[in-house]
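Subject: Structure for your files, with notes

Hello,

Here is the structure I said I would pass on. My notes on it follow below.

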Amino acid sequence: SALIGAGRAALALGDAQGAAGFFGRADEVSPNSPLPQAGMGAVAVHNGDPQAAMQFFARAQQLGAPLATFGADRGLAYDLMGQQVLAQADYRAALGFLVRAEQAAPRDGTVKAALGSAMVHMENPTRALDYFGEAQLRGAPERLFLSDRGLARDLLGQQDAAQRDYQLALSMAPNDETTRRYALSLGISGDSPSHWHQFIRV
């Protein structure tokens, strides 16, 4: 619908509040459609609230939304929560949809970020870094892809840059998976692990 399209366009421009307004009105018009719920989930991911996003995605799925239509956004939510195995499954399921979404909205930074994460989980770190660079240029919040960008850099032997990404990701949203990646990266580079214990959740 026009409201869903307007919401997606607003989100692509970084206007999460405006996007939420469009998706909210779409939900009022079509309360049984999964698309507004999926859209609100994408807004929650953009705002760094993966738990709220998961509730919207669950509702979208209950209303019949195919995984491909929200898998990329849910993959980002899983990434924010440090659940990379689940994120990878969603990215793979949504890859075809992501490619089509990029063609339809080539300026959408969130789509670029999701494609970057999909590429790193599919062991294509060079392409992943290209997408993350485009995502940053298009205004996508770095928190969406810092940990995966760090992993891509690690896979390419860029440990110093990878560790800076992990440090920043952990300062924003500590999670076990990013902590594990950071520790492994330090081990690869031969650095002492004594200064990363502050990031481990107990």
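The protein chain has 11 helices and 0 strands, where helices (H or I, at least four residues) and strands (E, at least two) are DSSP runs numbered from the N terminus. Read from the N terminus, the order of elements is α-α-α-α-α-α-α-α-α-α-α. The radius of gyration is 17 Å, close to the 17 Å that the globule rule gives for 202 residues, so the chain is as compact as a globular protein of that length. That radius is taken over C-alpha atoms, and the globule rule is 2.2 Å times the number of residues to the power 0.38.

Before the rest, the conventions. This is a predicted model, in which local features need pLDDT of at least 70 and side-chain atom pairs count only at pLDDT 80 or more, while totals for chains, interfaces and linings use all residues. Residues are numbered from 1 along each chain as its sequence is written, and side-chain values use heavy atoms, with hydrogens and water left out.

Overall figures

Along the principal axes, the C-alpha atoms fill a box of roughly 60 × 35 × 25 Å. Of the 202 residues, 47% count as buried; buried means under 20% relative accessible area, exposed over 50%, and partly exposed in between (1.4 Å probe, protein chains only). The accessible surface comes to about 9400 Å², and carbon and sulfur atoms hold 54% of it. Areas come from the Shrake-Rupley method with a 1.4 Å probe, and for residues only the protein chains shown count as cover.

Among contacts (heavy atoms within 4.5 Å) with a separation of 6 or more, 49% are between residues 24 or more positions apart. The chain carries 17 positive and 20 negative charges, whose mean positions are 4 Å apart. Here Lys and Arg count as positive and Asp and Glu as negative, without His and the chain ends; each charge is placed at NZ of Lys, CZ of Arg, CG of Asp or CD of Glu.

Aromatic pairs

The structure holds 3 aromatic pairs. Rings of Phe, Tyr and Trp (its six-membered ring) pair if their centres lie within 6.5 Å; planes under 30 degrees apart count as stacked, over 60 as edge-to-face and the rest as tilted. One of the pairs is F57 with F70, stacked because the ring centres are 5.7 Å apart and the planes are at 15 degrees. This pair links distant parts of the chain, from F57 in helix α4 (residues 50-62) to F70 in helix α5 (residues 67-80), 13 residues apart. F57 is buried at a relative accessible area of 0%, and F70 is buried at 1%.

Y166 and Y182 form a tilted pair, 6.3 Å centre to centre with 55 degrees between the planes. Y166 lies in helix α10 (residues 159-172) and Y182 in helix α11 (residues 176-189), 16 residues apart. Y166 is buried at 0% relative accessibility, and Y182 is buried with a relative accessible area of 0%.

Two single residues

E123 sits in the loop between α7 (109-121) and α8 (125-137). E123 is not a glycine, yet its phi is positive, at about 65 degrees. Most residues other than glycine have a negative phi. E123 counts as exposed, at 69% relative accessibility.

A93 belongs to helix α6 (residues 84-104) and is partly exposed, with a relative accessible area of 39%. Leaving aside neighbours within four places in sequence, A93 is in contact with L67 and A68. From A93 to T126 the C-alpha to C-alpha distance is 21 Å, across 33 residues in sequence.

Regards
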